[in-house]
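I opened my notebook to look up a few things in this structure. Here is what I had on screen.

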Amino acid sequence: ARGADPLKVLVPSFSTKSIEQSTPVSGATNTLTVALNSNYALAAASTVTIAGLTGSATTGTNLTVTSTPAGLEATAAWTHGTGTLVLTVAAGGANVSTDYVVTFSLVNPASTQSLSAPVNVSAAIQDGGAIALGAMTSPTTANYGVANGFKPLEVLVPSFITKSIEQSTPVSGVSNTLTVTLTANYDLAVGSTVTISGLTGSATVNGSLTVASTPAGLGSQGAWTQTGELVLTAASGGTTSGTAYKVTFNLTNTPSDQSSPAVSVVATMKDGSSNPIGSITQAAMMKAGTALYGVARGADPLEVLVPSFSTKSIEQSTPVSGATNTLTVALNSNYALAAASTVTIAGLTGSATTGTNLTVTSTPAGLEATAAWTHGTGTLVLTVAAGGANVSTDYVV
């Protein structure tokens, strides 16, 4: 205003100079949005230079840009090495004090990065003068759960920070509760999927599995195939970046021995409107590697061992009729037997011993001193004492 008045001076500047990106996902096509408003009209052929957009995977020398309202040419000069984009004002020029929104796309790098220096903007006014180099502003809020995820070329490789799996029992043929713990470094919006693969050997047939997610975020049903794949779908509200989600479900163990298979997890990320935004690359899940019920690595998923006695012998002290006869039983199991477990010896028929209880002696101490006796069937039920009976240990009763 009144720019023709003598010695009326106004330093050229951008009152608005912001930039933000659409996605921080590594390797994704990223739409950058620039908002500019200058205190000078920019004549046709003036240039606006945005510098510092380093690290992208976009090469070439030109980028397609869109300007709203139309005021900048549809093609801009791009220099990959310095991350510099030069916009040219189109015929008719760009109006003073008018908001111009310019969008263009770059491909994010494949690895995590944060720009160490701000992105700057400057302008060369065709009829003389310039807008000095100045730092552009960007939102500081999270994007898809990534801190500062709207800052230009702030890139984070999607991954599961935590990805563990363990089971409740290695016993063959029984229902087994598996517990999965997952923590992603991105929000997984509704419709995103998490696929756990490699759970082979289960006796559970194809179908829908009931799952429990704590906190609620990964739904209440999972799609199961007996080839060993479980697909979980993020429910309304999705999951939150940096939060551990514990998911439990039941499979039936194989009836025979099996070593724990290799289990992996992968995710497809969506934006909440069914649009894919990227993926978490398949990676091996962590196993506990600890013993369970005395079974080495028994907490590992689908590690199965058929319970058995490796030693199971019985002998007597005398065949003399009417004599008191001491019977000696030797037992050694491949499982630890917890307190209150029972060992039943059947078929001791024909004795003259009645009553309902017998006194027994266990070496080492692992069985209670009194056992239930049924004379008619010759059945003796031993009960494991407090402290339990150890795995792979010879017990003489």
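**Ground rules.** I'm working with a predicted model, where local features need pLDDT of at least 70, side-chain atom pairs count only at pLDDT 80 or more, and totals for chains, interfaces and linings use all residues. Residues are numbered from 1 along each chain as its sequence is written, and side-chain values use heavy atoms, with hydrogens and water left out.

**Strand S8.** Which residues sit on its covered face? I found Tyr100, Val102, Phe104 and Leu106 there, while Val101, Thr103, Ser105 and Val107 make up the uncovered one.

Next I looked up its partners (two strands pair if DSSP finds at least two bridges between them). S2, residues 29–38, pairs with S8 in the antiparallel sense over eight bridges, and leucine 36 stands opposite tyrosine 100. S5, residues 66–68, also runs antiparallel to S8, with three bridges; there, serine 67 has valine 102 as its bridge partner.

**An open sheet.** I traced five strands in the order S15-S18-S12-S11-S21, with mixed pairing.

**Cores.** Then I checked the nonpolar cores (sets of buried Ala, Val, Leu, Ile, Met, Phe, Trp, Tyr and Cys residues joined through side-chain atoms within 4.5 Å; buried means under 20% relative accessible area with a 1.4 Å probe, protein chains only). The largest has 32 residues, and Phe160, Val194, Leu199 and Phe249 touch the most other members. Strands that each supply at least two of its residues include S11, S12 and S18. Apart from this core lies another, of 29 residues, with Val48 and Tyr100 among them.

I zoomed in on leucine 199: leaving aside neighbours within four places in sequence, its contacts (heavy atoms within 4.5 Å) include Trp224, Phe249 and Pro301.

**Serine 56.** Last, I went to the loop between S3 and S4, where serine 56 is found. Is it buried or exposed? Serine 56 is buried, at 6% relative accessible area. Its side chain reaches the backbone nitrogen of threonine 58 at 3.2 Å. Beyond residues up to four places away in sequence, serine 56 touches Trp78, His80, Leu106, Val107, Pro109 and Leu153.

Technical notes: Buried means under 20% relative accessible area, exposed over 50%, partly exposed in between (1.4 Å probe, protein chains only). Helices (H or I, at least four residues) and strands (E, at least two) are DSSP runs, numbered from the N terminus. A polar contact is a pair of N or O atoms within 3.5 Å; within protein, one must be able to donate a hydrogen and the other to accept it, and residues adjacent in sequence count only if both atoms are side-chain atoms.
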